[in-house]
Amino acid sequence: MAGHEAPPKREDGAFKPKIIGILCNWCSYAGADLAGGGRIQYPPDVRVVRVMCTGRIDPLFIMKAFTDGADGVLISGCHFGDCHYLEGNYKAAKRMFLVKNLLKNIGLEDKRLRMTFVSASEGAKWGQVITDVVKTVETLGPSPLAELTK
Amino acid sequence: MAERKTKKETASTKGTTAAVKKQAPAKAAIGEQPEAKKEARVGVFICHCGTNIAGSMDITAVQDYAKTIPNVAYVDNYKYMCSMPGQAVINKAIADNKLTGVVVAACSPRLHEPTFRTATKEGGLNPFRFEMANIREQNSWVHMHDQEGATEKAKDAIRIAVAKATLLEDLFPKSVPVEKAAMVVGAGIAGMQAALDLANAGIKTYLIEKTPTIGGRMSQLDKTFPTLDCSQCILTPKMVDVGRSENIELMTYSEVESVEGYIGNFDVTIRKKARGVLSMEEGEAMGIVGGGCNGCGDCEAVCPVVLPNTFEEGMKPRKAIYIQHPQVVPLLYTIDFESCIKCDLCVKICGEKKAIDLNQKDEFVKVKVGTAILATGYDMFPVENKTEWGYKRFENVITSLEFERLICASGPTGGHMVRPSDGVAPKRVAFLLCAGSRDNTGNGKPYCSRFCCMYSLKHAHQLIEKMPGVQPYIFYMDIRSFGKMYEEFYYRIQDEGAKFIRGRVSNILEDPVSKNLMVFADDTLLDRPMKLEVDLVVLAAAVQPAADTNRTRKLFGVSCSMDGWLLEAHPKLNPCGTTTAGVFLAGVCQGPKDIPDTVASAEGAASAASIPIHVGHVELEPYFAQCIDEKCAGCGMCVNLCPYSALALVEKDGRKVMQVTEAKCKGCGTCGGFCPGGAIWMNHFATPQIIAQIDAFLLGGEQ
Ligand SMILES: Cc1cc2nc3c(=O)[nH]c(=O)nc-3n(C[C@H](O)[C@H](O)[C@H](O)COP(=O)(O)OP(=O)(O)OC[C@H]3O[C@@H](n4cnc5c(N)ncnc54)[C@H](O)[C@@H]3O)c2cc1C
Ligand code: SF4
Ligand code: SF4
Ligand code: FES
């Protein structure tokens, strides 16, 4: 649970997942900021890249992250109907299906890629999303591609 | 490429920035190493934010690490980077170290990007050569008990930001003229005050109200706390002013249908709902001499269709052709076409005035405005959902708004406070505060509705004053009397003899014969359960955003908080602004406010909305898309993706390529995220810049 208490500490030497989060400026990035304002505590494993809208996210960005050795990729934008540019998130969501298929085809668990919808007012939900994503990726273990690129 | 350069030159010759001109990096495709990287010199400035950041991570370690990042030419830290001395550090370092990019690791770019862009500009760099690493909201504040994790994350965040900063380019905001007109949506006290202020500042203002009259909830109130002046007496003069103001174009019985454009240039389509009655101006325009509705009300007398009057909370009838109350502005009848049976009686009685048109259709009006204010107010929470209190099951359980109408001299009973079941004056009246507010059961609202404590005190006072011998009982959780002279008002009501019981009412039962009510509660001060028989129960019901708020806010691109109230740009520093430039909030639509706070927020919003109009132009962030002609295959797939129709295929050098209309592009990047050939360059969020960030995180650090 993401809340005001510290998330449980990892054991020494345990797998520290490398996760990249690509967030839209208007909803999810603002929601993540709000989690900060509310001092919601969550695990520190996700690194964030900000774009104006999830519509900007080229499937190549995600593939590049995985080939660079990311253990997980999180895409997060506005709720449907709330995109600052009307429908960028619909288009992004469609692309996510494509990328998930691609991942499956190359033998990578598609759960390593996740798209979520977190609004500017959902700080607590952001904490929850990060906690879940980190947990999922921890369970999956290091990406097989990360091993290859080493 | 040549095409792009000429664009830049024209932009810079406009003199928007006194920036150091530098060769723009070549647009490299994914994987290619962009050229500029070799010569980039980035300065990194780490903020402690007092102990906000420094308390959760090891700043020295972060600073030492930053020095090792490729292309970093200078690193410094300061207690408050955003302060004057902090910004001076940046200014000086840019010149001393010939920096080409600036990274500040501090709070969120959503808070201080504009501040540091200005600092970057003052140091002599183009302001868009600035990138922020968010190490507060998304780091020190959310990893407060994990020093090591926070420190590592900060190092990565800085590395990622530096990677972007090495590839940032000079950009020049586009200056666009601002239409000298404003729009206010919703004509309650908030919308009226905002419109009056704008109009008095010389700005043409369209005031859009969905009901047939202006005034909003305040016109339903009898007296207003804490001064107890009569609501109508302070409101109606303002309503008249609004109706009279030359700069206000009032559109009642109208709704916003669509909004296009951006700050300075919103194209708004308004639906003027068919009201079936012509105003005198409309009548004159149609050449009917002395025609149009003069408010005589002859039609109302003959109309056979009887409905409940919502203004009187359903406690008085109205006809299918109606005005809600005698003080309406404009004084103009309206036909409720959903109930009208088209019997033609009103048309006949109206006679030569020819004011009634039973076949009128909705009309669409297009207007252009520079800025807009949303002031859509609130509705009552359907308190019947809290079945334990029996509203709508027991006749003598009423809401506070019904109380306002019943005690009001112009209300359905002429101000005689009687109970609905038998028309007899009540002797014992229970007020239930927080009826649906501060309620975490899921069947209510978690927030405080903010004015119910005060108006319930007012109600108790009105009873005591008007009906000697009556006993008010106030069931409360806390009395929140925070405003100027409010606490004093609370003491006064205590002295007047109202009884206060701290505790929530768990249940209400009705005596089927007397229709009296048995109220069950826990008296938490005496720590014992209690029951009390009363003649009337008044529920101080919670409030919620007005019915159409969600649709309207989406038209303007405004977000809402979890409970549906419209979201301000910053709760403290920008409470009237929204994240859509040029759109502002006034009154209760942003969250419950009493009248003094509503008027203050309306004046704030009006002032904010008038600034761009008075300045006459605004600068748009130059995040638009551009086509890299050599890479464009002319497939045209992006054209239909753009939600703003900013893209088109054009002939150039004998082949088809895509072209962007910069004024239409809002910079979402949807086209750029799609183009299979990588032919779309998104300013400030270009593919090589984003790929560099990804690479920096995953390949750039200590592995
Ligand atoms: C029972 C009760 C008693 C009160 N007593 C007091 C008191 O004594 N003192 C005090 O200070 N405060 C009091 N208040 C609070 C007061 O009512 C509010 O502060 C005030 O009415 C807020 O004004 P507003 O303009 O923000 O909203 P509203 O009055 O709700 O006005 C909003 C207007 O916008 C219109 N609208 C809504 N949606 C749209 C749309 N989509 N398009 C176009 N138009 C739209 C509505 O029709 C309405 O006219 C009381 C409230 C209640 C419930
Ligand atoms: S035509 Fe409609 S509004 Fe006119 S009197 Fe008949 S029912 Fe009433
Ligand atoms: S970035 Fe592309 S899709 Fe978005 S508004 Fe501009 S041209 Fe249209
Ligand atoms: S702006 Fe958030 S998804 Fe488009």
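A residue is called buried when its relative accessible area is under 20%, exposed when that area is over 50%, and partly exposed in between, with a 1.4 Å probe and protein chains only. By this rule, 61% of the 150 residues of chain A count as buried. The structure is a predicted model, in which local features need pLDDT of at least 70 and side-chain atom pairs count only at pLDDT 80 or more, whereas totals for chains, interfaces and linings use all residues. Residues are numbered from 1 along each chain as its sequence is written, chains are lettered from A and ligands numbered from 1 in the order in which they are written, and side-chain values use heavy atoms, with hydrogens and water left out.

Helices (H or I, at least four residues) and strands (E, at least two) are DSSP runs, numbered from the N terminus. Chain A contains 5 helices and 4 strands, and along the sequence these elements follow the pattern β-α-β-α-β-α-β-α-α. The radius of gyration of chain A is 15 Å, close to the 15 Å given by the globule rule for 150 residues, so chain A is as compact as a globular protein of that length. Here the radius is taken over C-alpha atoms, and the rule is 2.2 Å times the number of residues to the power 0.38. Along the principal axes, the C-alpha atoms of chain A fill a box of roughly 40 × 35 × 20 Å.

A contact means heavy atoms within 4.5 Å. Among the contacts of chain A between residues at least 6 apart in sequence, 81% join residues at least 24 apart. Chain A carries 20 positive and 16 negative charges, whose mean positions are 4 Å apart. Lys and Arg count as positive and Asp and Glu as negative, while His and the chain ends are not counted; each charge is placed at NZ of Lys, CZ of Arg, CG of Asp or CD of Glu.

Chain B has 703 residues, of which 57% are buried, and it holds 19 helices and 34 strands. Its C-alpha atoms fill a box of roughly 90 × 75 × 40 Å along the principal axes. Of the contacts in chain B with a separation of 6 or more, 69% are accounted for by residues 24 or more positions apart. The accessible surface of chain B comes to about 28,700 Å², and 54% of this belongs to carbon and sulfur atoms. There are 78 positive and 81 negative side chains in chain B, and the centres of the two sets lie 3 Å apart.

An automatic or database domain assignment supplies the domain bounds. Chain B is divided into domain 1 (2–21 + 621–690), domain 2 (40–170), domain 3 (181–272 + 365–377 + 559–615), domain 4 (280–361) and domain 5 (380–544). The C-alpha centres of domain 1 and domain 3 of chain B are 37 Å apart.

The peptide bond from B:Phe225 to B:Pro226 is cis, with omega near -15 degrees, and B:Pro226 lies in the loop between strand E8 (223–224) and strand E9 (229–230). Another cis bond runs from B:Val329 to B:Pro330, with omega near -5 degrees; B:Pro330 is placed in the loop between strand E15 (321–322) and strand E16 (334–335).

Positive phi values in residues other than glycine occur at B:Cys49, where phi is near 50 degrees, and at B:Asp527, where phi is near 55 degrees. B:Cys49 sits in the loop between strand E1 (42–47) and helix H2 (59–66), and it counts as buried at 11% relative accessibility. B:Asp527 belongs to the loop between strand E25 (517–523) and strand E26 (528–534), and it is exposed, with a relative accessible area of 68%.

Helix H2 of chain B includes B:Ile59, a buried residue with a relative accessible area of 9%. Leaving out residues up to four places away in sequence, B:Ile59 touches B:Ile46, B:Cys47, B:His48, B:Ile53, B:Ala54 and B:Asn77.

Technical notes. Areas by Shrake-Rupley, 256 points an atom, 1.4 Å probe, with all protein chains shown as cover.
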